[in-house]
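Please read the following report alongside the sequence and the model.

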Amino acid sequence: MDKYYITTAIAYTSSKPHIGNTYEIVLADAIARYKRQKGFDVYFQTGTDEHGEKIQQKAIAKGISPKEYVDDIAGQVKAIWDCMNTSYDKFVRTTDPHHEEVVQKIFKKLYDQGDIYKGSYEGLYCTDCEAFWTESQLVDGKCPDCGREVHIASEEAYFFKLSKYQDRLIEYIESHPEFIQPESRKNEMINNFLKPGLQDLCVSRTTFDWGIPVTFDDKHVVYVWIDALSNYITNIGYDPDGSSEEFNKWWPAELHLIGKDIIRFHTIYWPIILMALDLPLPKQVFGHPWLLSGMDKMSKSRGNVMYADDLVKLFGVDAIRYYVLHEIPFANDGTITYDLIIEKINSDLANVLGNLVNRTISMANKYFDGNVTKTNVTTEFDKDLIEKVNNLSENIEKRMNKLEIGAALDEIFEVLRRSNKYIDETTPWVLAKDEAKKDELQTVIYNLLESIRVSAVFLKPFLPETSDEILKQLNIENTEESFNDSLEYKTGTPSPLFQRIDKEKKLEEIENAQ
RNA sequence: CGCGGGAUGGAGCAGUUUGGUAGCUCGUCGGGCUCAUAACCCGAAGGUCAAAGGUUCAAAUCCUUUUCCCGCAACCA
């Protein structure tokens, strides 16, 4: 059985994640569930990144310890991941003692072998804000936070010799076109960073202490890169002194799923760290687009933040899963608004899917008391329907392999639409009036039940609860991924899967609740 | 001339690699049907494919120029 190791980025615990931050875990979940269904031995890891100056500051502002602060936020992150019904195998935290210990060993190893050296970080420093800024971050040559003058300052720091591995990395990226996805990101990395030449990376800090201490120099804490990125290996048993069997089984990861904003860290710093540790590189890094609220980036200051738990309360978990999985294109940013959510629920989930299931089971019960098998009478419309059902597996796989999740969902909905059309073509209610057409009618209902069953099976990775509910209403356990001619249905009681939503009313309700 | 991506009916997208009647979902309008959640099915309106020029028998698709939008331009996770 092939293994499949998939990760999300670990969420930074500075504040509760909004729906845009939550999109990634749902995307990863759909992929993980799909791979499991395909028979892969899947390990799906997510978690939280809990160190750093920003967190230390927030904790101080709240009058609590950093650890208390991150415990609280990590709990919120986990609760959100859980409310989206995500099936991660492990939730890691960078404050786990084991992680901290291995990070220290990694840092020491890299230092001992000469990849990390002590130097000084020189940059544009704002004394009032106690922060370094880059040239491009400055506003009119002044500190972007307070507007005061900045001056050149230096700070003792450890550096990682990125340049040493630069050529190897370029060669790797160019000989593995699937490594960075989408491809345009690959060009950005090559042209902006690799070709001009990498600067050495500052990997320790002395200006704050909420981090993993450098064992041989206690003034320093390990800066985010080595700390956060190495979560992908520390938690599956990597150890510079000898890794576990588990590690050898899972590494390298098949997929790091990350936001487009941290592609650089995952396609330059991380691979180079791995090269220095003499470890293989992950097979693929996918920098997914963002979910925007209307036209804007979601942010508290804009007041347009949506949280997954609120949305789930309003619309149900599968409706939100469907929305984020379906509406976000492969390469461009997606949009989320209440209006669009409601429109999607009504048109796709209630009308196309829900109503199809409802009307089909109703007919099975009405015409056959729910007892339906295939008869030897066929109609001229059967062939096309069955063919489409049987093509689903291959079509979905093609999409999923390219990480086109929305398009994979579309494949299923195309079959559902075809099924609705099949009902109009065969007009079961007309057949029902003629006793001589009883067998034809039964075949028609059977074909519909089978189309729905197979669709439900494929829906499972995306809408797990809905998939189960459909199979429950069909009252069938078979999960074959193709059309079966010899099942014996004894359908259950139909009940709407998704209620149509009165848009005006719902929007008003939401408005009043805020 | 920093690098890269994009501009397609009211909205969101596909099609551009390998030129050949412009396609899908939603919305609008008209019709049909009644098994079903005012759902479902059919049909129609609506685009000179950002602009200009060029190559070609033929260009959304190839070339050139222009305009506009977006991402990246390194220590912020």
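## Overall chain

Of the 514 residues in chain A, 54% count as buried, where buried means under 20% relative accessible area, exposed means over 50% and partly exposed lies in between, with a 1.4 Å probe and protein chains only. This is a predicted model, in which local features need pLDDT of at least 70 and side-chain atom pairs count only at pLDDT 80 or more, while totals for chains, interfaces and linings use all residues. Residues are numbered from 1 along each chain as its sequence is written, chains are lettered from A and ligands numbered from 1 in the order in which they are written, and side-chain values use heavy atoms, with hydrogens and water left out.

The secondary structure of chain A comprises 19 helices and 18 strands; these are DSSP runs numbered from the N terminus, with helices (H or I) of at least four residues and strands (E) of at least two. The C-alpha trace of chain A spans about 90 × 55 × 40 Å along its principal axes.

Sugar and phosphate make up 67% of the atoms of RNA strand B that come within 4 Å of the protein. By class, the surface near RNA strand B has 20 nonpolar, 15 polar and 15 charged residues, where Ala, Val, Leu, Ile, Met, Phe, Trp, Tyr, Cys and Pro count as nonpolar, Asp, Glu, Lys and Arg as charged, and the others, Gly among them, as polar.

Polar contacts are pairs of N or O atoms within 3.5 Å; within protein, one must be able to donate a hydrogen and the other to accept it, and residues adjacent in sequence count only if both atoms are side-chain atoms. At a phosphate oxygen of RNA strand B, the distance to an N or O atom in the side chain of Arg-264 is 2.7 Å. Elements that give two or more residues to this surface include helix H6 (183-194), helix H10 (263-276) and helix H13 (338-368), and H13 gives the most, with twelve residues.

## Aromatic pairs

Rings of Phe, Tyr and Trp (its six-membered ring) pair if their centres lie within 6.5 Å, and planes under 30 degrees apart count as stacked, over 60 as edge-to-face and the rest as tilted. By this rule there are 24 aromatic pairs. The rings of Phe-107 and Tyr-158 have centres 5.9 Å apart and planes at 80°, so this pair is edge-to-face. Because Phe-107 lies in helix H4 (residues 97-112) and Tyr-158 in strand E7 (residues 151-160), the pair ties together parts that are 51 residues apart in sequence. Phe-107 counts as buried at 1% relative accessibility, and Tyr-158 is buried with a relative accessible area of 2%.

The rings of Tyr-446 and Phe-483 have centres 6.4 Å apart and planes at 70°, so this pair is edge-to-face. Both Tyr-446 and Phe-483 are buried. Elsewhere, ring pairs link Tyr-5, Tyr-43, Tyr-232, Tyr-238, Phe-247, Trp-250, Trp-251 and Trp-270 into a cluster.

Notes. Near = heavy atom within 4 Å.
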